[in-house]
Amino acid sequence: MIKTAFTTLLLVLLTATVCAEPVNIRGVRMWPAPDNTRLVFDVTADIEHSLFVLKNPDRLVIDLKNTRLDKPFVGLDLGPSLIRDIRSAPRNDSDLRVVLDLKGAVRPKSFALRPNNEYGHRLVIDLYDERGAAPSADTRAAPSAPAAANAPREIIIAIDPGHGGEDPGAIGPRGTREKEVTLAVAQRLRELVAREPGMRAVMVRDGDYFIPLRRRVEMAREHRADLFISIHADAFGDPRAHGASVYTLSHRGATSEHARLLADKENASDIIGGVSLDDKDDLLASVLLDLSLTGTMEASTDVAGRVLSGLGQVARLHRSRVEQAGFRVLKSPNVPSILVETAFISNPQEERKLRDPNHQYALARSVMDGVRSYFRQNPPPGTLLAVRQESRGQQHVIGRGDTLSGIARQYQVSLELLRSSNALRNDQLRVGDVLNIPRSSDG
Ligand SMILES: [Zn+2]
């Protein structure tokens with residue numbers, strides 16, 4: 001008797017599992033990126049799915065087990081995506097079939113994402129253009145100078161706005177998302193780089209879509225960047241935490257507990273933003289050795305220091321020295337790389353400043369000051385800047401604490417001559433500016 005009751009109970013339990021609550025599709029978002037289109041379904045639980053492609057015309061069919069659609073897919077702006085139309089129909093009583101009508105052949109990839117602090121359970125469908133559009137083709141702008149062999153080249157600055165798409169990054173008390181301010185500051189920095197003679201900017205991300213960390217590193221290498229700058233905003237439980245900081249990759253551990261936690265958080269971007277588990281990370285094993293062999297580490301530290309002192313002119317600093325931690329996005333062999341935490345987005349005052357276009361410009365300008373100062377002192381061989389400097393003679397890059405009279409003493413020229421050969425109206429110096437050092441005989 002007891003045994004029968006138990007069996008009945010077991011049967012009931014099994015039946016309950018089989019006829020589980022249906023999963024509901026609450027809505028769908030789309031993130032068009034240069035080389036793919038990402039479609040994200042917001043769902044109420046893990047969802048069982050399968051997909052296959054059909055030809056003539058090109059379609060992608062997504063079959064969803066035990067699933068219901070809350071409301072039809074209307075109002076989704078398909079704009080420049082690979083998708084022409086999206087429709088759905090019930091199937092086998094409990095299932096749902098979603099069909100994407102496509103503009104051409106695609107290679108699909110799908111995976112589930114766990115809830116994060118902005119979204120719940122999600123099903124991600126990535127559509128890669130089968131016509132083989134080169135990844136990031138649209139950001140690979142043609143060199144502005146005619147590319148004769150051995151012609152001096154521009155210095156290439158890869159600007160990497162952190163996060164994007166499904167990964168909002170840190171979120172401020174007023175709801176400001178890190179991914180938005182990083183893009184805004186990055187775009188302003190791009191403008192400044194473009195104005196700089198002999199330099200060119202490459203945007204690693206230039207819209208609201210997600211890019212895996214490894215892909216960001218690859219893009220810097222593909223573009224043969226001379227410098228990689230990843231832009232972020234910090235966050236901490238205590239809203240009083242404040243200030244900008246600059247990081248480089250660590251050889252060993254992190255230089256502080258906060259640096260270690262920060263790197264963990266930034267490295268979680270892939271998990272939050274959506275990288276499927278079969279994208280293995282095979283690049284990084286020998287990277288640290290490479291970095292130390294090529295002097296990339298020293299170059300990174302040098303740029304980082306200059307950018308930090310630039311930031312110190314326009315913002316409070318979190319730490320007065322460059323910090324280090326194991327940021328995966330900084331692991332480009334041969335490309336000096338730094339990560340700038342512009343401010344604490346979790347601090348109400350700093351959140352407000354991060355949203356202010358004037359402050360975004362000020363941040364970009366101060367990063368630019370550091371970058372300019374570094375390359376003027378260390379122009380990579382074969383670049384326009386190197387050629388220009390060879391033809392120009394000696395120069396001095398203004399550092400912190402420099403005075404005009406001190407520089408005059410250092411190079412043994414008169415103050416008068418130093419002023420006149422640089423057309424200075426007063427003796428005020430800006431960190432990162434460059435003074436021509438006249439030969440004493442010039443006067
Ligand atoms: Zn970040």
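Visitor: At what angle do helix α7 and helix α9 pack?

Guide: This is a predicted model. In it, helix α7 spans residues 296-314 and helix α9 spans residues 357-377. Their axes lie 8 Å apart, and the packing angle is about 145°.

Visitor: Is the crossing of α7 and α9 left-handed or right-handed, and how many charged residues does the contact have?

Guide: The crossing of α7 and α9 is right-handed. On the α7 side the contact includes D302, V303 and R306, and on the α9 side it includes A362, L363 and S366. By class, the contact of α7 with α9 has nine nonpolar residues and six polar ones, and the number of charged residues is three.

Visitor: Which residues of helix α4 are buried, and why do they line one face of the helix?

Guide: Helix α4 covers residues 257-267, and its buried residues are A259, L262, A263 and E266. In general, an α-helix has 3.6 residues a turn, so residues three or four places apart point the same way. Seen down the axis of α4, the buried residues line one face because they fall within an arc of 100°.

Visitor: Which strands are among the elements that cover the buried residues of α4?

Guide: The cover includes a helix, α5 (269-273). It also includes the strands β12 (227-234), β13 (245-249) and β14 (323-325).

Visitor: What are the edge strands of the open sheet of six strands?

Guide: The order in this open sheet is β11-β10-β12-β15-β13-β14, with mixed pairing. An edge strand here pairs on one side only, and this holds for β11 (199-203) and β14. From one strand to the next, the twist averages 30°. The edge strands are thus named as β11 and β14.

Visitor: Which residue in β11 is the bridge partner of A158?

Guide: Strand β10 (residues 155-161) runs parallel to β11, and five bridges join the two. For A158, the bridge partner in β11 is V202.

Visitor: How many buried residues does helix α11 have?

Guide: Helix α11 takes in residues 404-411 and is hardly covered. Just after α11, Q412 takes a positive phi of about 55°. Among the eight residues of α11, the count of buried residues is zero.

Visitor: Why does A386 count as partly exposed, and which residues does A386 touch?

Guide: A386 lies in helix α10 (residues 384-392). A residue is buried if 20 or more other C-beta atoms lie within 10 Å of its own, and exposed if 12 or fewer do. A386 has 17 such neighbours inside 10 Å, so A386 counts as partly exposed. Not counting residues up to four places away in sequence, A386 touches P379, P380 and P381.

Technical notes:
Residues are numbered from 1 along each chain as its sequence is written. This is a predicted model: local features need pLDDT of at least 70, side-chain atom pairs count only at pLDDT 80 or more; totals for chains, interfaces and linings use all residues. Helices (H or I, at least four residues) and strands (E, at least two) are DSSP runs, numbered from the N terminus. The arc is that of the directions from the helix axis to the C-beta atoms. Two residues are in contact if their C-beta atoms, placed from the backbone, lie within 7 Å. Two strands pair if DSSP finds at least two bridges between them. Axes are lines fitted to C-alpha atoms, for helices over the stretch in contact, and angles run from 0 to 180 degrees between N-to-C directions. A crossing is left-handed if the near helix is turned anticlockwise from the far one by less than a right angle, and right-handed if clockwise. Ala, Val, Leu, Ile, Met, Phe, Trp, Tyr, Cys and Pro count as nonpolar, Asp, Glu, Lys and Arg as charged, and the others, Gly among them, as polar.
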